[in-house]
Amino acid sequence: MAKQFFANVKSVLSGDTLVLTSQSNPNAERIFSLAFVTGPHLKREGDEPFAFQSRDYLRRLVVGKAVQCTILYTIPTSGRDYGVAQLKDGTQLPDELVKAGWLKVREDAGRKEESEEILQRLETLRALEAQAKSEGKGLWEGVDGIIEVQNDISALDINEWKGKTVDGIVERVLSGDRLLVRLKLSDKKHLHVMTLVAGIRAPATERVNQSTGQTQPAEEFGNEARQYVEQRLLQRDVKVEIVGISPQGQLIASILHPRGSIAEFLLADGLARCNDFHSTLLGPKMAALRAAEKKAQAAKLRLHKDHVAKADAGSSSDMIVSKIQGADTIFVRTKNGAEKRINLSSVRGPRANDPSEAPFREEAKEYLRKKLIGKHVKVSIDGHRPASDDFEARDVATVTEKGKNINLMLVQDGWCSVIRHRKDDTDRAPNYDELLAAQEKAREEKKGMWSGKPSKAKTYVDASESVQKAKIQLSTLSRQKKVPAIVDFCKAGSRFTILIPREGVKLTMVLAGVRAPRAPRSPQEKGEPFGQEALDLANRRCNQRDVEIDIHDIDKVGGFIGDLYINRESFAKILVEEGLATVHQYSAEKAGNATELLAAEKRAKEARKGLWHDWDPSQDEEAEEEAVEVETSNDATPADKRAADYREVVVTNIDSNGKLKIQEVGKGTSALEILMNEFRKFHIDPKNNKPLANPPKTGEFVAAKFSADDQWYRARVRSNDRTAKVAEVVYIDYGNTEKIPWSNLRPLDQPQFSTQKLKAQAIDAVLSFIQLPTAPDYFNDALNYIAEVTDGRSLVASFDYVDPKEGLNYITLFDEKKSGSTFVDSINKDVVANGHALVPKKLKAWERGRASEEVLKKLREVEAQAKADRLGMWEYGDITED
């Protein structure tokens, strides 16, 4: 009696042969051939005509389905079973294939048979064959049965097919991520190629080393991953999205089952990991694979069974960048003042030991310095690197500034490369795939270090190397005002190493008019009291910053003496005001900044800051006490004891340092109008067209032709560029400045136009009780706002205090057209209310009266509201918390 059994069809070798697996043990396989029939076979050297079509008909019919097999006979030599099979829907094999014309009945079939049942079956098969033959079905069509099959990837033009989707059949599964796929390029041309599943890497399966003959065991879950793919894809129709070719010449493609990407299923079930090397080929599609992998990691499935979830350190912290160590390493200062080192996640600056990258190191560092130094940034910690032999422990983080991802910008502009992480390394940037794509684009566009053409290395000549070199450089620098420079290093609170890029010069600079205490040179050394604090302040405010310097002189060892301005503010004044330096009166007077510095020192003493923490006023000289008494009795009268002083004014200019230039409306402006009419008539007359007899001198009064309207005005020379023959002048009646050629200057030696006849009408003023922001962007916003609310308007000013030392008027401004003269109605209040100024924490002596208390209380209320509404400088929160 014929033996019967049930099995599942794993695959089809040809139109007449099946590979079956046991329903109880999928690893148990057997080959089963259909009896009494034969079909064309697929061969490596070339398929027989209609071999693919014959097999494909059977493949579509049975693969993945259960069949009932009946063994009719077995070949003793090969042990192969021959018989018939039936599907659950009643389809009989081989009858169905003979009927469709894809199998022929063997000529010798039944010659020795005596069984009536078998002979009847043969008769049925021959009748079906005769019918197929008469209808020209399948093999009996006789033409166009040959399909060209190639096994070499070189037959595929990757540039033509990249990005396209091709129909295919998975012929063999070698591992979870390696398949032998038949690509159906056309009806008559197929390509048999090894294909890597794009975006993943599955563990290796058991394999034999061809050179040694030894069997290499499978990696954990390797065989399971292969079986997973076999059950779902082997000999199934798939869509193949071609994305590229590997360095080893293997096709890389996404394999799409009707239910979706096999790569996503493998990742979600923990049978594969994401392959970073394919990220740039897949682009945005990599995100779905990352999400699937994270899902498996969270569930600790298979490969991720030992996965340790990264602590949620992704919350952003607001910090200030205090130092740039390299293109991928920065130091940041937290709100409590602590400094920490941060490595940028997943990116690496040009390497010193790589000849192609090393020339770009300084350029990349300078790029990052310009972007970040002194800026408020958000730092999102992505991981932590423990200390090792070569490196100290450090955090790795993604840094953003005003919403811009700095890690990404460095890669996009070619100043950093992307680190290739280990497969189990989770301490990486969350936008890692975006970084990889940006690197590929930067390489293609030859940006930054990928250009292969480093800029000429910037070299700086040390002008402080000797007194002789310093004297030569002094002659150049002393003629220039506010030279752009970079603080390269802070040696002490008042001593710096300065770089001047446009001159190609490096120099040691000492602040004029002050002396800061000596800082310790090493942790073991003890410096002078408050020396370290002075150095810390210099590092926080100046190190690696863009500054401006005015050089006055040199010292005995080649150091340059001068003023250093950070955000338009004198750092010497800041240092003195914080009580971290004393004023050297003789050198301050020589440098011309004595008034400003002595006023700052007085404020530091009164606040008992730093060096003055135990200051006793009685210790000062009697003469100084008397001078202070005179000043206090005359000028610093508390606000509640002074008579109100209101005057009509117009704002004629706002200086770059925030000071207002105002004119008092009345006799002065009337006299100015008369004088200017005569002044214009005088200069229109050709006979008065007399140029200056000699080059203009600093401080000299001249007539200057204003470039905006080509009219002549009274002016004073502020500085000179003798090489270009250009002078910077300030128009004394309006307060604005500009640089103009000497040819547009004339002598102001006519008595009727002199300052003795009519004093300069523009006077310096600042808004009382408020402090403008120091950050350049917010400072400019504040100036623009003040200009907008004062330009062309008739205003009333309350002169709250006049500082005779600085020649400065502290005023409260009111719009004349609006009723009300209390501080609530003032422009000063409006500036604070719109987030363009803050209430100073350090009050001046004249601001401390009882009458000021109500003003300051109201100002603090509107300041709090501006903070709550995130207006102006408060858009990212309270900056004063730093």
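A residue counts as buried when its relative accessible area is under 20%, exposed when over 50%, and partly exposed in between. The views below show a predicted model.

**View 1. Ser246 is placed in the loop between strands 16 and 17.** The loop joins strand 16, residues 237-245, to strand 17, residues 251-257. Ser246 has a relative accessibility of 6%, and therefore counts as buried. Leaving aside residues up to four places away in sequence, Ser246 touches Leu196 and Ile252.

**View 2. Helix 5 comprises residues 222-233.** Its 12 residues should span 16 Å at 1.5 Å a residue, and because the end C-alpha atoms lie 16 Å apart, the model agrees with that expectation. The buried residues of this helix are Gly222, Ala225, Tyr228, Val229, Glu230 and Leu233. Their cover includes strand 1 (3-14), strand 10 (165-175) and strand 11 (178-186). Strand 16, strand 17 and helix 6 (262-268) are also among the covering elements. Gln235 follows helix 5 and has a positive phi, near 55°.

**View 3. Phe36 adopts a positive phi in the loop between strands 3 and 4.** The phi of Phe36, a residue other than glycine, is near 70°. Strand 3 covers residues 29-34 and strand 4 covers residues 37-38, with Phe36 in the loop between them. Phe36 counts as buried because its relative accessibility is 4%.

**View 4. A cis peptide bond joins Leu93 and Pro94.** The omega angle of this bond is about 10°. Pro94 is located in the loop between strand 7 (92-93) and helix 2 (95-99).

**View 5. Asp710 occupies the loop between strands 39 and 40.** Strand 39 consists of residues 701-705, and strand 40 of residues 712-721. Although Asp710 is not a glycine, its phi is positive, at about 60°. With a relative accessibility of 49%, Asp710 counts as partly exposed.

**View 6. Trp874 is buried in the segment after helix 21.** Helix 21 is formed by residues 850-868, and Trp874 is found in the segment that follows. The relative accessible area of Trp874 is 1%, so this residue is buried. Not counting residues up to four places away in sequence, Trp874 touches Gly835, Ala837, Leu838, Glu863, Ala866, Lys867, Ile879 and Thr880. Leu767 is 107 residues apart from Trp874 along the chain, and the C-alpha atoms of the two are separated by 20 Å.

View 7. The C-alpha trace spans about 145 × 70 × 60 Å along its principal axes. The radius of gyration of the protein is 43 Å, whereas a compact globule of 882 residues would have one near 29 Å. Of the 882 residues, 47% count as buried. Among contacts with a separation of 6 or more, 62% are between residues 24 or more positions apart. The accessible surface comes to about 45600 Å², and 48% of this area belongs to carbon and sulfur atoms. There are 134 positive and 135 negative side chains, and the centres of these two sets lie 2 Å apart.

Key
Residues are numbered from 1 along each chain as its sequence is written. This is a predicted model: local features need pLDDT of at least 70, side-chain atom pairs count only at pLDDT 80 or more; totals for chains, interfaces and linings use all residues. Side-chain values use heavy atoms; hydrogens and water are left out. Helices (H or I, at least four residues) and strands (E, at least two) are DSSP runs, numbered from the N terminus. Buried means under 20% relative accessible area, exposed over 50%, partly exposed in between (1.4 Å probe, protein chains only). Contact means heavy atoms within 4.5 Å. The radius of gyration is taken over C-alpha atoms; the globule rule is 2.2 Å times the number of residues to the power 0.38. Accessible areas come from the Shrake-Rupley method with a 1.4 Å probe; for residues, only the protein chains shown count as cover. Lys and Arg count as positive and Asp and Glu as negative; His and the chain ends are not counted. The place of a charge is taken as NZ of Lys, CZ of Arg, CG of Asp or CD of Glu. The expected span of a helix is 1.5 Å times one less than its number of residues.
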